[in-house]
Amino acid sequence: LKSVYFKGVDHKVSRVYFECVKKNEKNPQVAFGKAMQKYRHEAGVSQEKLALMCGIHRTYIGSVERGERNISIQNMVRIAEALKVPLSRLVLEMEA
């Protein structure tokens with residue numbers, strides 16, 4: 001990542017965080033994003049269409065799938081409802 005992304009951020013903490021993500025350690029944001037992406041693909045829905053279905057901006061959907069956002073429970077519910085998947089199934093998929 002370019003140093004521009006770390007402007008005003010403690011470099012030691014950021015570096016440790018991104019190293020953990022690179023090592024594929026259990027990161028709940030990344031795990032939820034992967035689970036969400038799996039069910040979105042199964043539903044045959046694009047990120048843009050999912051965004052329209054649940055009233056969330058399309059770039060937010062992409063950043064959640066990449067694990068860049070700490071998603072709220074409200075948005076998790078909206079996404080699960082739009083995908084017609086129980087939120088509990090998304091959470092179980094995260095833990096797999």
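Asn-75 lies in helix α5, helices here being DSSP runs of H or I with at least four residues, numbered from the N terminus. The model is predicted, so that local features need pLDDT of at least 70 and side-chain atom pairs count only at pLDDT 80 or more, while totals for chains, interfaces and linings use all residues. Residues are numbered from 1 along each chain as its sequence is written, and side-chain values use heavy atoms, with hydrogens and water left out.

With a relative accessible area of 15%, Asn-75 is buried (buried means under 20% relative accessible area, exposed over 50%, and partly exposed in between, with a 1.4 Å probe and protein chains only). Not counting residues up to four places away in sequence, Asn-75 touches Ile-56 and Tyr-60, where contact means heavy atoms within 4.5 Å. The side chains of Asn-75 and Tyr-60 are also joined by a polar contact of 3.3 Å. Such a contact is a pair of N or O atoms within 3.5 Å; within protein, one must be able to donate a hydrogen and the other to accept it, and residues adjacent in sequence count only if both atoms are side-chain atoms.

Helix α5 also holds Glu-81, which is exposed at a relative accessible area of 57%. From C-alpha to C-alpha, Glu-81 and Cys-54 are 7.8 Å apart in space, and they are 27 residues apart in sequence.

Cys-54 is one of the α3 residues that meet α4; the others are Gln-47, Glu-48, Leu-50 and Ala-51, and on the α4 side the residues are Arg-58, Ile-61, Gly-62 and Glu-65. The axes of α3 (residues 47-54) and α4 (residues 58-65) come within 8 Å and cross at roughly 115°. Therefore α3 is roughly perpendicular to α4, a term that covers angles of 65 to 115 degrees. Axes are lines fitted to C-alpha atoms, for helices over the stretch in contact, and angles run from 0 to 180 degrees between N-to-C directions.

Arg-40 has its place in helix α2 (residues 28-43) and counts as buried, at 6% relative accessibility. Leaving aside neighbours within four places in sequence, Arg-40 is in contact with Val-45, Ser-46, Gln-47, Leu-50, Glu-65 and Leu-83.

Lys-84 is in the loop between α5 (73-83) and α6 (87-95). Most residues other than glycine have a negative phi. Lys-84 is not a glycine, yet has a positive phi of about 55°. At a relative accessible area of 72%, Lys-84 is exposed.

Notes: Helices (H or I, at least four residues) and strands (E, at least two) are DSSP runs, numbered from the N terminus. Angles under 35 degrees count as roughly parallel, over 145 as roughly antiparallel, 65 to 115 as roughly perpendicular and the rest as oblique.
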